[in-house]
Amino acid sequence: NSSAWSPSQLQVYRDQVRADPAVLSAAAGPPLGIGFQTMSWSRPFEGTDEDVQIALSTVGPGFLDVMNIAPVDGRLFEVDGELVGSGSVILTESLAGFVDDGMPLGLTLEDGSDADVVGIIPDITNTSLHASGRLLALQLDTDYTRNTVLRLAAGKTGQGLMALEAAWKAL
């Protein structure tokens with residue numbers, strides 16, 4: 001159970017996994033699109049009486065690189081390999097359209113997190129082939145330890161799983 005590990009133990013685990021040639025990158029973060037979220041809230045949709053559901057997920061450094069997600073506007077949590085602004089938030093395009101007339105970059109969210117919007121990413125639609133983009137905000141948490149996500153080299157799934165198992169047993 002990785003929840004019993006300290007952040008430094010989890011970093012050692014991820015470093016061991018990354019050392020395998022089958023693993024292109026590894027980071028801490030939730031499996032997007034299958035219901036993992038830190039919190040969610042409803043907000044009224046501007047100009048209607050309809051509420052929209054907004055999800056917030058916390059992610060660790062390097063998460064968007066592992067998921068191969070690039071910003072469509074603004075930046076990611078890292079600039080030239082250095083973390084910039086722990087607690088910053090990145091919004092999906094659909095959510096960005098609801099915030100500040102679609103121009104949320106630089107805005108501080110007034111949802112209790114006091115996080116600054118630093119980037120906008122494409123909508124994440126892997127919950128279903130028919131699902132529209134989720135209204136999702138990703139917040140950087142340098143202490144996030146709950147899950148590890150990997151990007152594996154093509155055709156190397158078995159080797160990648162063996163690297164996970166070996167690193168797990170080593171700790």
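This passage describes helix α4, its packing against helix α1, and the residue Met103. The structure is a predicted model, in which local features need pLDDT of at least 70 and side-chain atom pairs count only at pLDDT 80 or more, whereas totals for chains, interfaces and linings use all residues. Residues are numbered from 1 along each chain as its sequence is written, and side-chain values use heavy atoms, with hydrogens and water left out.

Helix α4 (residues 157-170) has 14 residues, which at 1.5 Å a residue should span 20 Å, in agreement with the 20 Å between its end C-alpha atoms; the expected span is 1.5 Å times one less than the number of residues, and helices are DSSP runs of H or I of at least four residues, strands being E runs of at least two. Gly160, Ala163 and Ala167 are the buried residues of α4 (under 20% relative accessible area, exposed being over 50%, with a 1.4 Å probe and protein chains only). Because they cover an arc of only 55° around the axis, taken from the directions from the helix axis to the C-beta atoms, these residues lie on the same side of α4. On the other side of α4, Leu161, Met162 and Lys169 are exposed.

The buried residues of α4 pack against α1 (7-18), β1 (23-28) and β10 (148-152), contact meaning heavy atoms within 4.5 Å. Tyr13, Gln16 and Val17 in α1 meet Ala163, Leu164, Ala167, Trp168 and Ala170 in α4. By class, this contact has 7 nonpolar, 1 polar and no charged residues.

Met103, in the loop between α3 (93-96) and β8 (117-121), counts as exposed at 61% relative accessibility.

Note on methods. Axes fitted to C-alpha atoms, helices over the stretch in contact; angles between N-to-C directions. Nonpolar A, V, L, I, M, F, W, Y, C, P; charged D, E, K, R; others polar.
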